[in-house]
Amino acid sequence: MKPAPFAYHRPQTLAEALSLWSDAGGEAVWLAGGQSLIPAMAMRLNQPEALIDLGRIDGLRGIAIDGGVARIGAMTAYADMLADRALCAGLPMLARALTHVAHLAIRNRGTIGGSLALSDPAAEMPAVMLALMMRRSLSKGRRPARDCRRGLHDRHVRNRAGTRRDHHRIDIPVQDARPWDFREIARRQGDYALAGLALRGGADPRVVWFGLSTHAQRDGAAEAALAAGQDAVAAALQGIDVMGDNVTGPRRAPIWRACCCRARSRRCGMKIELTVNGDPVQAEVEPRLHLADLLRGLGLTGTHLGCEHGVCGACTVVLDGRIVRGCLTLAVQADGCAVETVEGATQTGRIAALQDAFHRRNALQCGFCTGGMLLTAADYLDRGGSADRAAIREALSGNYCRCTGYQAIVDAVAEVAAAPGAPKV
Amino acid sequence: MSWIGTPLPRPNARRLLMGKGRYVDDKVLPRMVHAAFVRSPHAHARILSVDCTAARAAAGVVAVWDGAEIAPAVEPFVGVLTHLAGMQSAPQPALAHGVTHWQGEPVVIVLAESRALAEDAAALVEVDYDPLDPVTDPFAALEPGSPLIHPDLRSNLCLDRRIDAGPVDDGFARARRRW
């Protein structure tokens with residue numbers, strides 16, 4: 001599915017971004033990681049007039065821990081948060097929740113600020129932030145987070161009213177020894193949560209549900225039970241009444257549909273320059289063109305379009321050294337970047353061992369998923385992935401295969417991981 | 001030498017491993033156009049009107065057809081197997097004509113120079129539906145009094161077929177070997 005046309009702006013400074021925002025008079029939408037926004041636009045559930053891309057503004061990324069507070073830049077990608085050992089040690093609930101956020105290719109692009117601003121009903125981050133008592137750093141001072149009642153609809157209503165929130169940074173008190181738990185139910189690891197719970201005990205306990213209503217919601221009754229010393233998880237589950245007033249509402253509230261508006265035609269071409277498989281490429285593209293479509297238009301059809309909303313993995317490519325979804329990245333976002341496709345990885349011989357193992361072990365039938373599988377597996381091995389089958393399955397959990405049943409694929413990756421001389425980080 | 005247990009790598013698989021497969025979406029033919037569909041959001045509804053005026057005028061659009069326009073060119077197909085006595089199935093047109101019978105049934109086809117342009121134009125098609133009672137459970141569909149989805153058929157039942165080869169235990173008793 002292709003998005004409706006829109007204009008695209010890429011400011012270099014925050015001041016420029018805010019100025020563009022004001023000029024747009026409420027018709028522009030921020031583009032952070034885009035991993036929720038772009039698929040919504042592909043399905044035409046959201047049709048903004050313009051996107052303001054925050055991706056190139058300095059100073060919005062980074063993780064620092066000082067004085068018992070973790071300070072995370074709003075544009076920090078999930079993958080960077082998970083890779084930060086100090087952050088994960090200090091905030092283990094956050095680390096656990098992050099492993100439930102989609103798959104690596106999406107975590108490489110999605111940002112914490114974007115997730116909090118969007119406040120998707122099934123998102124993990126708003127619930128975790130409520131449980132950890134995050135503070136947002138605003139341009140006008142700090143405010144503790146209360147209930148994330150700003151569903152997507154509210155955010156757009158507020159945007160139209162002209163107020164704006166500059167969330168440069170998210171500050172979270174680093175956890176002490178208070179007990180915590182995080183649970184999520186989803187059909188597949190990484191899928192949208194059907195229901196989830198973020199829980200922190202000790203003084204001022206927090207019990208936060210997500211996926212069950214239009215926004216993450218604190219459960220006052222369960223928190224009181226926790227404060228009274230009852231068993232943590234049992235207390236939370238006791239307070240739950242799925243059919244009652246407290247936690248109710250449709251599982252997937254159609255609030256995105258409430259924001260649909262008709263976009264005027266925005267078919268202006270933007271000039272971009274990037275490197276594809278080592279070769280310089282210049283192109284003039286509509287902002288709405290997906291990176292995958294740019295590559296396929298160059299004749300590199302090894303990148304396949306399966307679902308066009310980021311869940312199947314057939315469009316996986318490497319962008320500046322990280323695996324990403326070609327259908328969740330706009331071509332204009334790849335301006336100035338280096339892209340590698342399965343064809344390029346073949347030419348350099350980078351994935352030769354995997355290709356050979358896949359071939360001998362018949363780890364493909366129709367071949368449609370294979371490019372994505374190879375690039376994802378190569379990324380896993382480059383990051384020191386072992387031959388442990390559960391770890392391999394987890395790493396490949398974002399890539400669907402309709403033909404093989406996965407066994408032979410896991411066999412092939414395990415063989416390469418275990419081979420003597422296999423690269424170990 | 002026995003082939004059983006001998007690995008047989010596919011010579012053609014090498015190409016697929018290199019990203020050099022040729023799938024339908026990879027093919028570019030001269031004068032090729034791309035289709036997008038307007039689909040029924042209702043499981044059962046009458047189509048009161050279809051307005052494709054704006055869609056036809058949209059950029060890059062080659063043609064827009066609804067069920068009435070495509071009917072002279074494409075015959076409906078009937079999905080029955082003639083050796084199965086009593087099987088009944090309603091004719092299925094290329095595009096719904098007059099009534100839609102399932103959620104997602106295509107109602108209008110838009111042909112344009114690219115899929116993005118076809119989807120842009122599809123968003124401009126306006127269809128007026130009169131929703132009818134759907135039947136969404138196979139057991140409920142067989143209850144007397146449940147809405148008859150295809151009025152030209154006798155019932156909602158496609159086929160009733162029973163195969164009775166006798167009790168299982170007798171079959172095991174007669175078998176030459178049992179594990």
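My entries start with the overall fold and then move to the interface and its charged pairs.

**Entry 1: the model and chain A overall**

I am working from a predicted model, so I read local features only where pLDDT is at least 70. For chain A I count 17 helices and 17 strands. Of its 425 residues, 57% are buried.

**Entry 2: cores**

I looked for the largest nonpolar core and got a set of 64 residues, where Leu94(A), Met125(A) and Met129(A) have the most contacts inside it. Helix 8 of chain A (residues 124-132) gives this core its largest share, 7 residues. I then listed what Leu94(A) touches beyond four places in sequence: Ile72(A), Met81(A), Leu87(A), Met125(A), Val128(A), Met129(A), Leu132(A) and Ile172(A). Another core lies apart from that one and has 36 residues, including Ala79(A), Leu375(A), Val410(A) and, from the other chain, Leu16(B).

**Entry 3: the A/B interface**

How many residues does each chain bring to the contact? I get 30 from chain A and 21 from chain B. The two chains bury about 2,100 Å² between them, with 49% of that on carbon and sulfur atoms. Three residues, Lys2(A), Arg44(A) and His359(A), supply 25% of the area that chain A buries against chain B, more than any other three.

I find 7 salt bridges across the interface and 13 residue pairs in polar contact between the chains. On the chain A side, the elements giving two or more residues are helix 13 (342-348), helix 14 (352-360) and helix 15 (370-382). Helix 14 gives the most, with 4 residues. By residue type, the chain A side splits into 11 nonpolar, 10 polar and 9 charged.

**Entry 4: helix 14 of chain A**

Asp356(A) and Arg360(A) form a salt bridge at 3.1 Å, N to O. They are 4 residues apart in helix 14, and so about one helical turn separates them. Asp356(A) counts as partly exposed because its relative accessibility is 31%, and Arg360(A) counts as partly exposed at 42%. Asp356(A) also meets Arg14(B) in a salt bridge at 3.6 Å, N to O. Just after the helix, Asn362(A) takes a positive phi of about 55°.

**Entry 5: salt bridges across the whole structure**

My search over all chains gives 31 salt bridges. I picked out Lys2(A) with Asp293(A), at 2.7 Å, N to O. Lys2(A) sits in the segment before strand 1 (7-9) and Asp293(A) in helix 12 (residues 291-297) of chain A, so this pair ties together parts 291 residues apart in sequence. Are these two buried or exposed? Both are buried.

The next pair I noted is Arg288(A) with Asp120(B), whose closest N and O atoms are 2.7 Å apart. Arg288(A) is in the loop between strand 14 (279-285) and helix 12 of chain A, while Asp120(B) is in helix 4 (residues 115-122) of chain B, so the pair joins two chains. Arg288(A) and Asp120(B) are both buried.

Then I followed shared partners. One network of salt bridges joins Lys2(A), Arg44(A), Glu286(A), Arg288(A), Asp293(A), Glu308(A), Arg115(B), Glu119(B) and Asp120(B).

His290(A) lies in the loop between strand 14 and helix 12 of chain A. Its relative accessibility is 1%, so His290(A) counts as buried. Leaving out residues up to four places away in sequence, I see His290(A) touching Met1(A), Pro3(A), Ile38(A), Ala42(A), Gly326(A), Cys327(A), Thr329(A), Leu330(A) and Ala331(A).

Technical notes. Residues numbered from 1 in each chain as written. Chains lettered and ligands numbered in written order. Predicted model: local features only at pLDDT ≥ 70, side-chain atom pairs only at ≥ 80, totals over all residues. Heavy atoms only, no water. Core = buried A, V, L, I, M, F, W, Y, C linked by side-chain atoms within 4.5 Å. Buried < 20%, exposed > 50% of the residue type's maximum accessible area, 1.4 Å probe, protein only. Contact = heavy atoms within 4.5 Å. Buried area = accessible area lost by both parts, 1.4 Å probe. Salt bridge = Lys/Arg side-chain N within 4 Å of Asp/Glu carboxyl O. Polar contact = N/O pair within 3.5 Å; in protein donor to acceptor, adjacent residues only side chain to side chain. Nonpolar A, V, L, I, M, F, W, Y, C, P; charged D, E, K, R; others polar.
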